[in-house]
Amino acid sequence: MDLGIRGKLALVTASSGGMGMNIAHTLAAEGANIVLFARTEDKLQAVAKEIRERHGVEATAVAGSMAEKADIARLAGRLDALGGVDILILVSGRPPNPLRPTLDEDDLARWDQAYQSQLRNVIQVANGIAPQMLGKRWGRIIAITSASAKEPMAVHALSTVFRAGVTAYMKGLANEIGSSGITVNCVAPALIDTSHRTGSAAYTPEQAAKRKTLTPLGRMGTQEEICGVIAFLASQQAGFVTGSTIAVEGGMLGSLF
Ligand SMILES: NC(=O)c1ccc[n+]([C@@H]2O[C@H](COP(=O)([O-])OP(=O)(O)OC[C@H]3O[C@@H](n4cnc5c(N)ncnc54)[C@H](OP(=O)(O)O)[C@@H]3O)[C@@H](O)[C@H]2O)c1
């Protein structure tokens, strides 16, 4: 299926590695030109080079932090010079880890850090970048949240609280800018394999083993499986899906919808 995004300009935040980088590759494989944004310039440049070589599209690396307004203003300028963004994929950094039981999360510095990385940064990028979509009368905004925002998971308070905030922000934005031809959705993952990560793990080994048993499929999801859903939401075909959250969690959630 041709997703109809060939030649569109896609910004993927937090894309120097992990899910953001994989999403960028997936959209590039569909012919979208890519702008990468994260803090580590050499990693970003390497990802941009690989995208150009593998997919034959334009890929631009802009180094900066989602936490810095000046960096986002600079990013907006680069996007504008490239013709303006069409597809905005809001990936963020992780909450502090390892996560703890809710009543053990009594360190306000961890709450502040989680607020910044999960919610404030996302709002700051959306507010700084999305206005340039309005004049184009077409756009796709997709925020990566967490299945925990739909059904709170144990030891996930630092994620749940702020991902729920992102979900609320995105729903409101969908209502406000839909008439400009822009859809706004969330993708809520859980149990997606992150064995690409080096350094600090998000879960203790015991937590990781237990998590595999939480889904009827009895396994972790792959990066391809989440990136495919995100690419669909970015497509022409998904034009009547807005204000929604699509959970990609192997059937772990108990709710009907
Ligand atoms: N895997 C799952 O099942 C699952 C479930 C729920 C939610 N998620 C969420 O999915 C997201 C991606 O996960 P991941 O495993 O790919 O994470 P990751 O491997 O830790 O990658 C995080 C990325 O965020 C960037 N980043 C961090 N802070 C930044 C900032 N201030 N400004 C710009 N970029 C920043 C990092 O690059 P630099 O260091 O170069 O800036 C890096 O590219 C996370 O928010 C995670 O919590 C995943």
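Which residues point one way from β5, and which the other way? Gly139, Ile141 and Ala143 point one way, while Arg140, Ile142 and Ile144 point the other way, and all are buried. Buried here means under 20% relative accessible area, with exposed over 50% and partly exposed in between, using a 1.4 Å probe and protein chains only. In a regular strand the side chains alternate between the two faces of the sheet. Six of the six residues of β5 are buried, so β5 is largely enclosed by the rest of the structure.

Some housekeeping. This is a predicted model, in which local features need pLDDT of at least 70 and side-chain atom pairs count only at pLDDT 80 or more, while totals for chains, interfaces and linings use all residues. Residues are numbered from 1 along each chain as its sequence is written, and side-chain values use heavy atoms, with hydrogens and water left out. Helices (H or I, at least four residues) and strands (E, at least two) are DSSP runs, numbered from the N terminus.

Now the neighbours of β5. Strands count as paired if DSSP finds at least two bridges between them. β4 and β5 run parallel and are joined by four bridges, with Ile89 opposite Ile142. On to β6: six bridges join it to β5, again in parallel, and the bridge partner of Arg140 there is Thr183.

The whole sheet is open, with seven strands in the order β3-β2-β1-β4-β5-β6-β7 and parallel pairing. Its edge strands, each pairing on one side only, are β3 (59–63) and β7 (245–248). From one strand to the next, the twist averages 15°. Axes are lines fitted to C-alpha atoms, for helices over the stretch in contact, and angles run from 0 to 180 degrees between N-to-C directions.

Contact means heavy atoms within 4.5 Å. Helix α1 (residues 18–29) lies across β1, β2, β4, β5 and β6, at about 170° to β1.

Last, a loop residue: is Thr215 buried or exposed? Thr215 sits in the loop between α7 (205–212) and α8 (223–233). Thr215 counts as buried because its relative accessibility is 6%. Leaving aside residues up to four places away in sequence, Thr215 touches Leu191, Glu249, Gly250, Gly251 and Met252.
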